[in-house]
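Work through the exercises below with the sequence and coordinates open. Each task is followed by a stepwise solution.

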Amino acid sequence: MNTQVTKIQQAISPIRESLTNHAVYQRISQIDHLQVFMKDHIFAVWDFMSILKALQRNLTCVELPWIPVGSAQTRYLINEIVNGEESDVDEVGNRMSHFELYLDAMSQADADLEQIKEFLSLITQKVSVNDALVKVGVSDSVRDFVNFTFEVIATNQPHIQAAVFTFGREDLIPDMFIAMVKDLNASMPEKISKFTYYLERHIEVDGDHHSHLALQMVEELCGNDATKWQEAIDYSVKALEMRKKLWDGVEEKVQKLALSEVNS
């Protein structure tokens, strides 16, 4: 493995471990807890797609007339990832993005879709991302998370975007959470089957094929530039710190819900 990649993995190891062991996963034990999780997490699923498309825009030609941009190898890597993320299949073979898969899972689980739908409507009307987040009333942890993602996009530096995409947004869902979801699915498949499929598909595609492609993309973009590799480390660590804040916010909400259930 590239020694610079190893340095990034070592730098993010402590915060990554704190995320995979985050208490939010232990707090979620029933359907209404999962609904709270999904309502906030959908914004992370959405902005994941945004940073992905920023990379495609920077690494390929999406203008007319067409001209070759960058290396063919890098174009292949990002286009292959985009294809899988933007045009995957649901559990019955219908083409849709992973974001749309998640929306379907939320709908089945009776999670609140109003906030994300209103947000998308505002974005369609060209309201800025931050203003839209404020208007729909997301929590500070969600707003800060999404705004950091768009700060990364605004750098217009493909190596930074690729590093955050690869190391800051990699699969962080522990086995114990997946086991809990499967247990819920066994008792109420009419509510959880789509979310179970989403998790399994996400891990299968993102955690295997896409992770290898993304690593290659970072190596291609950073090359032998020490400054770029250091920026890759700094932004990857920051991305995971923002994810921890997001999870802290979700955990607080689930904890409050659980206490209200006990006291009711």
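**Exercise 1. A helix pair**

Which residues in helix 1 meet which residues in helix 12? Then classify the packing of helix 1 and helix 12 by angle and by handedness.

Solution. The model is a predicted one.

Step 1: list the contacts. Helix 1 contributes Q4, V5, K7, I8, A11, I12, I15, R16, S18 and L19. Helix 12 contributes W229, A232, I233, S236, V237, L240, E241, R243, K244 and W247.

Step 2: get the geometry. Two packed helices are described by the angle between their axes and the distance between the axes. Helix 1 spans residues 3-20, and its axis lies 10 Å from that of helix 12. The packing angle is about 10°.

Step 3: classify. Angles under 35 degrees count as roughly parallel. Helix 1 and helix 12 are therefore roughly parallel to each other.

Step 4: Helix 1 and helix 12 make a right-handed crossing.

**Exercise 2. Salt bridges across the chain**

How many salt bridges does a search of the whole structure find?

Solution. 

Step 1: take the total. The search of the whole structure gives eleven salt bridges.

Step 2: take E251 and R27. Their side chains form a salt bridge with an N to O distance of 3.3 Å. E251 sits in helix 12 (residues 226-263) and R27 in helix 2 (residues 23-27), so this pair ties together parts 224 residues apart in sequence. E251 is buried, at 15% relative accessible area. R27 is partly exposed, at 35%.

Step 3: take D112 and K39. The closest N and O atoms of this salt bridge are 3.3 Å apart. D112 is in the loop between helix 5 and helix 6, while K39 belongs to helix 3; the two are 73 residues apart. D112 is partly exposed, with a relative accessible area of 33%. K39 is also partly exposed, with 27%.

Step 4: take K53 and E86. Their salt bridge has its closest N and O atoms 3.1 Å apart. K53 in helix 3 and E86 in helix 4 (residues 72-86) are 33 residues apart, and the pair links distant parts of the chain. K53 is partly exposed at 31% relative accessible area. E86 is partly exposed at 34%.

**Exercise 3. The surroundings of a serine**

Is S141 buried or exposed?

Solution. 

Step 1: apply the cut-off. Buried means under 20% relative accessible area. S141 has 14%, so S141 is buried.

Step 2: S141 lies in helix 8 (residues 140-154).

Step 3: find the polar partner. The side chains of S141 and S139 make a polar contact at 3.2 Å.

Step 4: look further along the chain. Not counting residues up to four places away in sequence, S141 touches K245, L246 and G249.

**Exercise 4. Backbone exceptions**

Which peptide bond from L64 is cis?

Solution. 

Step 1: check omega. The bond from L64 to P65 is cis, with omega near -5°. P65 is in the loop between helix 3 and helix 4.

Step 2: check K126. Its phi is positive, about 70°, although K126 is not a glycine. K126 belongs to the loop between helix 6 and helix 7. At 74% relative accessibility, K126 is exposed.

Step 3: check N156. Here phi is about 55°, again positive in a residue that is not a glycine. N156 is in the loop between helix 8 and helix 9. At 44% relative accessibility, N156 is partly exposed.

How values were computed
Residues are numbered from 1 along each chain as its sequence is written. This is a predicted model: local features need pLDDT of at least 70, side-chain atom pairs count only at pLDDT 80 or more; totals for chains, interfaces and linings use all residues. Side-chain values use heavy atoms; hydrogens and water are left out. A salt bridge is a side-chain nitrogen of Lys or Arg within 4 Å of a carboxyl oxygen of Asp or Glu. Helices (H or I, at least four residues) and strands (E, at least two) are DSSP runs, numbered from the N terminus. Buried means under 20% relative accessible area, exposed over 50%, partly exposed in between (1.4 Å probe, protein chains only). A polar contact is a pair of N or O atoms within 3.5 Å; within protein, one must be able to donate a hydrogen and the other to accept it, and residues adjacent in sequence count only if both atoms are side-chain atoms. Contact means heavy atoms within 4.5 Å. Axes are lines fitted to C-alpha atoms, for helices over the stretch in contact, and angles run from 0 to 180 degrees between N-to-C directions. Angles under 35 degrees count as roughly parallel, over 145 as roughly antiparallel, 65 to 115 as roughly perpendicular and the rest as oblique. A crossing is left-handed if the near helix is turned anticlockwise from the far one by less than a right angle, and right-handed if clockwise.
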